[in-house]
Amino acid sequence: MEKLEKLLEWGGTKRDIWFLIISGIGLFISIFDLVPLPFDAAWIAILLCGVPIILEAVIGLVTAFDIKADVLVSIALIASVFIGEDFAAGEVAFIMQLGGLLEELTVARARAGIEKLVHLTPRTARLLTDGGETIVPAEQVQMGALLRVLPGETVPVDGVITSGQTSINQAVMTGESLPVDKSAGDEVSSGTVNQFGAFEMRASRVGEDSSIQRMIRLVQSADAGKAKIVGLADRWATWIVVIALTAAVLTWLATGEAIRSVTILVVFCPCALVLATPTAIMAAIGNATGHGLLVREGDALERLASVSRMTFDKTGTLTYGTPEVTGMRSFLPEISTEKLYAWAAGAELRSEHPLGKAVVRCFRSQGKEIPEAERFEMLPGRGVLAVLEGKRVLAGNQELLTENGILLTDKQLAEAEGFSEQGCTIIYLAAEGEAAGFLALSDTLRPEAADMLKELEKTGVTPVLLTGDHEHAARHIAESLSITEVHWGCLPEDKLNYIDQCQKEQKKVCMIGDGINDAPALKKAWVGIAMGGIGSDIAVDAADIALVHDEIRELPHLVRLSKKMMKTIQYNLAFSMTLNFIAILLAMTGILNPVVGALVHNAGSVFVIIHSALLLKWRQRENG
């Protein structure tokens, strides 16, 4: 049986195209009797196109008693040959294979955008050892290995630059159109392209753990076969086989005309019914891919169409997830805010704390030189102590100042509180035992977030904010984005419980998140969507859909696409069933013969495939 399956797979699309060309020539010769042959030329189509269909049906029946469309098609083929309608048999086989080829090409077109990622997989790497430089297969690179990447080459694995400066084209991973400058200490991802300078790097994530391989795993799991509605079509196909055989036998008994019974079998083939659904799903997946959305499971779009609420984690989804210095105040007239900022950057220069690193990064982004600290001391849970320009500088929280005998006035606290109420984190600074001022850091909203949420509400989906942040930050973000329902201080189990409660109330929820703490909620939700760029591996693995470029502006399009896909499937199913029953009535009355019946029926298959393919480029206009 395995040998038969391999035989059927031989040649793939190219084989099918050649078989169809040769079969088409055979049918042309048969209908016009152009060349005298010792046999009907229609047998060419029967053998090349019909035999594979019959073998598929036999394999399905023998291995799993799986009754699908190919069973009825096989019966129709054999019955047509039995009564001498060779051309009808060849025509049925030819058009069925043509419909299958169109489906295959539609699916291939739908998947083309995703599969480009597979071809971006680096093949080789330049490994540096004591013996010099050696070119090795990229999959053999070990974690911690030292590598060299030359201009124009693809980065083979994830890692950190140890020496050299360059610009990296990260479009494949982040969607950024401009190259990003990189130097020692910066991270680089596999699959991205080194554009200018050579550099050396230390491998940090290799093989299946690399960024490009994670994307490929998402590609490989994108499959329309899991959709519930596809299973429904298969179940219908089983009943159709039974009904078709019954109708054919009764018609034969009533009329005594075998040709009518054969015509019923031909037009009753449920190919349009079976082809309509998977092609629509795969075309929709292809559309989503073009918008930076990787659909991991075919039924995710089916489920998304029925969602009524979309819950968002705050950090990394509605915001960038990276703190920025958004405000500063000096308490001392002799110290300008610029001086205060420079002291904060100098004090935090050697700090490993994320907020300290954020201060340094933001200060450097202004192109200014950071003053070097003469002394540095990390104070866990409080902040840092540094000596700058001969002055003892403290930078940290209010407890740090209090423990050093530095008290803040009510006015100073009120100024800081104003920023805190906007969701900011405060870093206080003191110099020589006196409060000098503070810096306010906050996560910045994605500029597209507000418009995205407005468009989302137009689709009938209600946005909800679920965040682990404190009340002030959560309320500030919710008010800025006009989100009416917000829950703050949420632990992973809180998000999970909220989603579970909603779904018990028949309110289907879609969850958007990026962190490890979001993974349980992503898995529990009716549909889980992860930020594919900045999201953790665990979050992406738990989700049904990933935003490759973190473009949340595409979420309304995704919801509309899912609804459009379901309408397309419904129209396809209704059309195919209606066409089938009309053709059956005409066959029973003798109006249709097997040849015309095959043309009418299979024209319906081609129609639904083309109708599904329209989803590939579909996008609802803003006023649509």
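Modeller: Let us begin with helix H17 (residues 449–458) and helix H22 (residues 555–588), which pack at an angle of about 20° with their axes 8 Å apart. The model is predicted, so local features need pLDDT of at least 70 and side-chain atom pairs count only at pLDDT 80 or more, while totals for chains, interfaces and linings use all residues. Residues are numbered from 1 along each chain as its sequence is written, and side-chain values use heavy atoms, with hydrogens and water left out.

Biologist: How are two packed helices described?

Modeller: They are described by the angle between their axes and the distance between the axes. Axes are lines fitted to C-alpha atoms, for helices over the stretch in contact, and angles run from 0 to 180 degrees between N-to-C directions. Helices (H or I, at least four residues) and strands (E, at least two) are DSSP runs, numbered from the N terminus.

Biologist: Which word, parallel or antiparallel, describes H17 and H22?

Modeller: Angles under 35 degrees count as roughly parallel and angles over 145 as roughly antiparallel. H17 and H22 are therefore roughly parallel to each other.

Biologist: Which residues make the contact?

Modeller: Contact means heavy atoms within 4.5 Å. H17 contributes Met 452, Glu 455, Leu 456 and Lys 458, and H22 contributes Leu 555, Pro 556, Val 559 and Arg 560. Five of these residues are nonpolar, none is polar and three are charged. In this scheme Ala, Val, Leu, Ile, Met, Phe, Trp, Tyr, Cys and Pro count as nonpolar, Asp, Glu, Lys and Arg as charged, and the others, Gly among them, as polar.

Biologist: At what angle do the axes of H9 and H22 cross?

Modeller: The axes of helix H9 (residues 258–267) and H22 cross at roughly 170° and come within 9 Å. H9 and H22 are therefore roughly antiparallel to each other.

Biologist: In what order do the six strands of the open sheet stand?

Modeller: Two strands pair if DSSP finds at least two bridges between them. The order is E2-E1-E3-E9-E4-E7, and the pairing is antiparallel. Strand E2 (132–137) and strand E7 (187–188) stand at the edges with a single partner strand each, so one side of each has no neighbour in the sheet.

Biologist: How many bridges join E1 and E2?

Modeller: Strand E1 (residues 124–129) pairs with E2 over six bridges, in the antiparallel sense. E1 and E2 form a hairpin with two residues between them, and Leu 127 stands opposite Thr 134 in E2.

Definitions and conventions: Angles under 35 degrees count as roughly parallel, over 145 as roughly antiparallel, 65 to 115 as roughly perpendicular and the rest as oblique.
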